[in-house]
Amino acid sequence: MVRVSLPVREERAMNRSLAINFLLFQLGWFACVLGGAYDQVMIGCLVAMSVIAFHLYQATRPMREFGLLAIALIIGFIYESLIVSLALAQYEHGQTFSSIAPLWIILMWPLFATTLNLSMRWMKNLAPLLIALLGAIFAPFAYLAGERLGAVVYNDIILSMSIISIAWALLLPLAVNLSLKFDGYNE
């Protein structure tokens with residue numbers, strides 16, 4: 001006899017995984033930003049790396065998921081370091097080299113990528129233009145939150161947020177597209 005409750009159990013397990021993913025991302029985000037603000041950069045980096053490691057451990061196809069996170073790390077390194085080298089952002093803590101972004105902000109890219117195949121999977125069903133619009137609108141709010149918490153300083157807030165908005169209008173659709181190819185959670 002087939003039990004009807006099996007799909008319900010699977011749905012509950014998936015909902016639990018999505019909630020855990022969302023909460024762990026938030027934990028990692030706050031650890032990185034507050035670590036950057038209060039000169040506790042290593043704590044933020046360790047939390048982010050722990051969340052990333054747990055995410056890979058939970059993946060059904062960890063190497064595929066690792067590909068997505070590695071690409072996100074590379075994009076984050078290039079993008080955030082470009083923002084720093086153009087003097088659009090200044091970090092008081094964690095910046096070892098003047099033209100390279102701090103590790104904690106770079107690690108936030110693979111940390112964010114952990115959400116693409118779980119709690120933000122819903123974006124995969126959206127049109128690329130809508131994804132671009134979401135990136136353009138919501139990414140600057142995350143960067144502004146980091147600034148309000150004291151992790152970063154923007155000398156020209158309008159210019160910096162405009163460039164961040166334009167960049168994320170391009171980068172978020174790219175990230176979502178990459179998550180389609182590198183999905184370690186879809187069987």
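Guide: Let's start with a definition: on a 1 Å grid over the protein atoms alone, a cavity is a set of points where a 1.4 Å probe fits but cannot get out, while a pocket is an open set with protein on both sides within 12 Å along at least five of seven lines, and lining residues have an atom within 4 Å of a point. Grid points are joined across faces, edges and corners, and a volume is the space filled by probe spheres set on the points. By that rule, there is one cavity of 30 Å³ or more. Keep in mind that this is a predicted model, where local features need pLDDT of at least 70, side-chain atom pairs count only at pLDDT 80 or more, and totals for chains, interfaces and linings use all residues. Residues are numbered from 1 along each chain as its sequence is written, and side-chain values use heavy atoms, with hydrogens and water left out.

Visitor: How much space lies in the largest cavity, and what lines it?

Guide: About 110 Å³. The lining has 13 residues, and Ala-72, Ile-75, Trp-109, Leu-171 and Ala-175 lie nearest the centre. H3, H4 and H6 each supply at least two residues of that lining, with H6 giving the most, six residues. Those H labels are DSSP runs numbered from the N terminus: helices (H or I) need at least four residues, and strands (E) at least two.

Visitor: And what does the largest pocket look like in numbers?

Guide: The largest pocket has a volume of about 700 Å³. It is lined by 30 residues, including Phe-25, Trp-29, Phe-112, Phe-138 and Ala-142, which lie nearest its centre. H1, H4, H5 and H6 each supply at least two lining residues, and the largest share, seven residues, comes from H5.

Visitor: What makes Thr-114 buried or exposed?

Guide: The cut-offs decide: buried means under 20% relative accessible area, exposed over 50%, and partly exposed in between (1.4 Å probe, protein chains only). Thr-114 has a relative accessible area of 1%, so it is buried. This residue sits in the loop between H4 and H5. Not counting residues up to four places away in sequence, Thr-114 touches Asn-21, Ile-52, His-55 and Leu-69, where contact means heavy atoms within 4.5 Å.

Visitor: Which class does Leu-126 fall into, and why?

Guide: Leu-126 comes out at 24%, so it counts as partly exposed. Leu-126 also lies in the loop between H4 and H5. Leaving aside neighbours within four places in sequence, its contacts are Ile-131 and Leu-134.

Visitor: What makes a group of residues a nonpolar core?

Guide: They must be buried Ala, Val, Leu, Ile, Met, Phe, Trp, Tyr and Cys residues joined through side-chain atoms within 4.5 Å. The largest such core here has 47 residues, and Tyr-79, Trp-104, Leu-116, Tyr-143 and Trp-168 have the most contacts inside it. The elements giving two or more residues to this core are H1 (5-37), H2 (41-58), H3 (62-85), H4 (103-113), H5 (128-148) and H6 (157-181). Take Trp-104: beyond its neighbours within four places in sequence, its contacts include Cys-32, Val-41, Tyr-91 and Ala-151.

Visitor: Which residues of H2 are buried, and why do you put them on the same side?

Guide: The buried ones are Val-41, Gly-44, Cys-45, Ala-48, Val-51, Ile-52, His-55 and Leu-56. They cover an arc of only 135° around the axis, so they sit on the same side of H2. That arc is taken from the directions from the helix axis to the C-beta atoms. The face turned away from the buried side carries the exposed residues Met-42 and Tyr-57.
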